[in-house]
Amino acid sequence: MSKQTQVIHIEGMTCGGCVKSVQDVVSTLKGVQSIEVSLEEKQGTVSFDDDVVSLSRIVDTIEEAGFDVVIAD
Ligand SMILES: [Cu+2]
């Protein structure tokens, strides 16, 4: 596999600033093509190249920013 899109559930976002924080930290990761975050759905859709960055690295980055992540299948 290389390019893939994953939907993740993000807990702890309360406002647009939180959404921006998540988007900002994830977009700085090498290998991430895009991330869209919905505050209402508590969900993020991230497209990335898993030859360059792992999903767990992305999850760790979001958690380091102060949010909790649940991977949806
Ligand atoms: Cu906030």
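Tutor: The largest nonpolar core holds 12 residues: Ile8, Ile10, Met13, Val22, Val26, Ile35, Val37, Val46, Phe48, Ile58, Val59 and Ile62. A nonpolar core here is a set of buried Ala, Val, Leu, Ile, Met, Phe, Trp, Tyr and Cys residues joined through C-beta atoms within 7 Å. Buried is a matter of counting: 20 or more other C-beta atoms lie within 10 Å of the residue's own, exposed takes 12 or fewer, partly exposed falls in between, and C-beta atoms are placed from the backbone. This is a predicted model: local features need pLDDT of at least 70, side-chain atom pairs count only at pLDDT 80 or more, and totals for chains, interfaces and linings use all residues. Residues are numbered from 1 along each chain as its sequence is written.

At least two core residues come from each of β1 (3–11), α1 (16–27), β2 (32–38), β3 (43–49) and α2 (55–64). The largest share, three residues, is from α2. Helices (H or I, at least four residues) and strands (E, at least two) are DSSP runs, numbered from the N terminus.

Take Ile58. Leaving out residues up to four places away in sequence, Ile58 touches Val26, Leu29, Val32, Val46, Phe48 and Val53. Contact means C-beta atoms, placed from the backbone, within 7 Å.

Now the sheet. Four strands make an open sheet, ordered β2-β3-β1-β4, with antiparallel pairing. β2 and β4 (68–71) are the edge strands, each pairing on one side only. Strands pair if DSSP finds at least two bridges between them. From one strand to the next, the twist averages 30 degrees. Axes are lines fitted to C-alpha atoms, for helices over the stretch in contact; angles run from 0 to 180 degrees between N-to-C directions.

β1 pairs with β3 over seven antiparallel bridges. Gln4 has Phe48 of β3 as its bridge partner. Ile8 stands opposite Gly44 in β3. Phe48 and Ile8 are both core residues. With β4, β1 is joined by four bridges, again antiparallel. There, Glu11 has Asp68 of β4 as its bridge partner.

Lys42 lies in the loop between β2 and β3. Lys42 is not a glycine, yet its phi is positive, about 50 degrees. Most residues other than glycine have a negative phi. Lys42 is partly exposed, with 16 other C-beta atoms within 10 Å.

Finally, the whole chain. The protein chain has two helices and four strands. From the N terminus, its elements run β-α-β-β-α-β. Buried residues make up 18% of its 73 residues. Of the contacts in the protein chain with a separation of 6 or more, 61% are between residues 24 or more positions apart. Along its principal axes, the C-alpha trace spans about 35 × 25 × 15 Å.

Terms used:
Contact = placed C-beta atoms within 7 Å.
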